[in-house]
Amino acid sequence: MLKVVVGIKWVPNTTSVNIDPNTGTLIREGIPSVVNPHDLEAVEMALRLKDEYGGKVTVITMSPPSAIAGLEHVLGMGADEAILVSDRAFAGADTLATSYVLAKVIDRLDYDLIIFGQETIDSSTAHIGAQVASWLDLPYVYYVTHAELRGGKLVVRRSLEDAHETYELDLPALISVAMHSLNPRRVRVSNKLRVKLENPIKTWSNEVLGLDPECIGLRGSPTALSKIEMVPKVPRKNEVFRGEAREAAKWLLEKLKEEGLLELG
Amino acid sequence: MVCKEWPEINLEEYEGVWVAAFADNEGKEIEEASLQLIGAARELADKLNTYVGVALIGSGVRELAEKPIYYGADRVYVVDDERLSVYYPTVWGKVLYELASKYKPEVFLIPATLRGRELAPYVANSFRTGITADLTSMDVDERGDVVLIRPPFGGFMLAHIVTRNRRPVMGSVRPNIFPTPERDESRHGEIYEERVEIPPPRGIRLLGREPIMKKEEIPIEKAEVIVAGGKGIGSKEGFELLKRLADLLGGVIAGSSKAVDAGWIGHDMQVGQTGKAVKPNLYIAVAISGAAQHVFGIREAKRVVAINIDPDAPIFEHADYGIVGDYREVVPALIELLEEMKGKGKIE
């Protein structure tokens with residue numbers, strides 16, 4: 001029996017966002033929100049551990065209520081229950097204030113293991129895992145590609161730039177899953193039906209949590225945005241060739257040769 | 001009123017720009033990302049009219065302590081202890097926190113290598129301060145506060161982030177965002193051999209470590225020529241074609257985030273905001289649409305070539321030379337021509 005808590009984020013699908021070349025502004029319309037894809041890998045790892053050893057998977061997210069669609073998705077994958085942590089008082093939080101709320105939520109749960117995705121596609125800070133580990137004073141390891149239980153302890157493998165490493169962690173512990181390491185399972189109709197019937201999503205506001213308003217949201221955030229500017233476009237030549245492939249190739253190689261950029265390997 | 005979880009601090013006490021420096025794999029050198037950060041810290045410290053401090057921790061690192069000075073540091077704080085021969089994020093995080101707590105730097109920067117990204121938020125949290133991930137530049141505003149600048153969403157914008165009432169101001173910086181400074185052995189600085197409490201690793205044990213054999217291939221961030229493929233490549237086999245082109249040009253292959261997501265190429269070869277920033281002389285983007293987060297990674301490329309079947313692909317706006325066409329035809333044509341040239345010895 002392993003009780004796992006997974007933290008996920010509901011994010012705008014920024015990889016497909018682009019700039020309107022005429023106005024220079026973000027094209028936001030039609031950009032759907034999704035569960036951060038790397039967090040689905042965290043859910044997948046939790047579900048594999050549950051498949052292997054039995055237990056319970058609880059997914060939490062701090063978000064406006066629209067994230068319920070994301071929680072339904074991970075419940076559809078097989079998670080047992082979900083908590084939407086949602087309150088206007090949490091808005092505007094930086095990673096310190098966000099991790100504080102998540103740590104306080106997790107503190108109220110009965111858990112052996114906390115799993116996060118490596119980073120999010122919208123801000124890609126990879127902060128929250130280590131910050132939650134710090135608040136809860138837990139051992140932690142990032143970039144895990146494989147986890148298993150051995151004699152009541154969690155043995156994890158991970159890869160860094162220069163080494164593969166294996167760690168043994170006493171529980172409770174916190175890990176983050178290396179992105180691109182697991183293939184998240186699909187949503188199953190039977191799970192979706194269960195979601196409809198049982199409604200396993202709870203919402204916790206700050207009325208439930210009772211956290212000091214000075215420690216959460218904008219006020220609990222040491223960092224502040226002072227200014228946003230557009231990234232200036234790097235000037236490029238923008239010469240384009242349209243035509244038959246061999247002619248195009250000739251044109252390009254001629255250009256590169258002129259500039260001394262052709263050094264055959 | 002401030003959060004009761006935050007210890008009270010006196011902002012006036014905090015001075016200096018600090019960098020956490022780590023030894024590389026064999027422990028013989030300071031890792032490149034740390035040296036680059038020392039250069040960036042030097043520039044900021046000059047603006048603030050203060051010193052650059054380097055926190056150098058590990059086992060056997062005392063003999064490396066002069067090196068940060070050659071690259072711009074004024075003071076090096078060394079914690080050389082056998083108990084730091086194994087890296088544990090909680091232990092190293094606590095040691096960095098103890099060390100910086102003693103000297104109270106205004107700014108504390110940590111290289112965003114994989115270990116650094118794991119460690120930096122833990123250190124920041126110990127101070128109950130904020131942290132800015134993957135900053136790309138730094139400045140000082142009209143109030144005299146340090147501004148850390150990063151691209152927040154997909155590389156279109158730069159967010160200026162300030163930490164008004166907590167210290168240190170913390171940030172992490174990805175490798176190769178800043179250049180490695182010139183080594184100057186005539187520079188002088190002070191070395192402090194520090195003793196701080198080193199907590200035992202609690203609840204965590206390293207069971208095994210296998211060094212990854214350094215690949216023969218040049219890492220993409222150091223390559224002079226890169227042939228990168230995107231979603232439009234369509235298959236792993238397509239990348240073999242790109243590899244042939246890259247070989248002929250003396251370069252390496254890379255990929256967009258979509259190509260990495262599809263599993264056609266490894267994440268260590270991903271170009272873009274969520275991958276690596278590259279600075280080749282020649283970057284050839286093949287079947288890459290040119291999402292802003294990708295283009296962000298090639299800002300420092302000298303020349304950009306785009307090959308794309310879609311004439312409206314945004315990548316053409318970010319390219320010096322564009323070819324509208326199917327890469328399955330254009331790339332083989334390039335390979336053929338290059339092989340002919342090579343055969344005739346036209347180009348050395």
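**Notebook: helices and a sheet**

I looked up helix α3 (residues 95-107) of chain A and helix α4 (residues 128-136) of chain A: their axes come within 9 Å and cross at roughly 55°. Axes here are lines fitted to C-alpha atoms, for helices over the stretch in contact, and angles run from 0 to 180 degrees between N-to-C directions. Helices (H or I, at least four residues) and strands (E, at least two) are DSSP runs, numbered from the N terminus.

I noted that this is a predicted model, where local features need pLDDT of at least 70, side-chain atom pairs count only at pLDDT 80 or more, and totals for chains, interfaces and linings use all residues. Residues are numbered from 1 along each chain as its sequence is written, and chains are lettered from A and ligands numbered from 1 in the order in which they are written.

α3(A) and α4(A) are therefore oblique to each other (under 35 degrees counts as roughly parallel, over 145 as roughly antiparallel, 65 to 115 as roughly perpendicular and the rest as oblique).

Next I turned to the sheet. I found 10 strands in an open sheet with mixed pairing, in the order β11(A)-β5(A)-β4(A)-β1(A)-β6(A)-β10(A)-β7(A)-β8(A)-β9(A)-β11(B). Two strands pair if DSSP finds at least two bridges between them. At the edges I saw β11 (201-204) of chain A and β11 (204-211) of chain B, each pairing on one side only. From one strand to the next, the twist averages 30°.

I then checked one pair: β4 (residues 55-62) of chain A and β5 (residues 81-85) of chain A run parallel, joined by 5 bridges. V59(A) has A82(A) as its bridge partner in β5(A).
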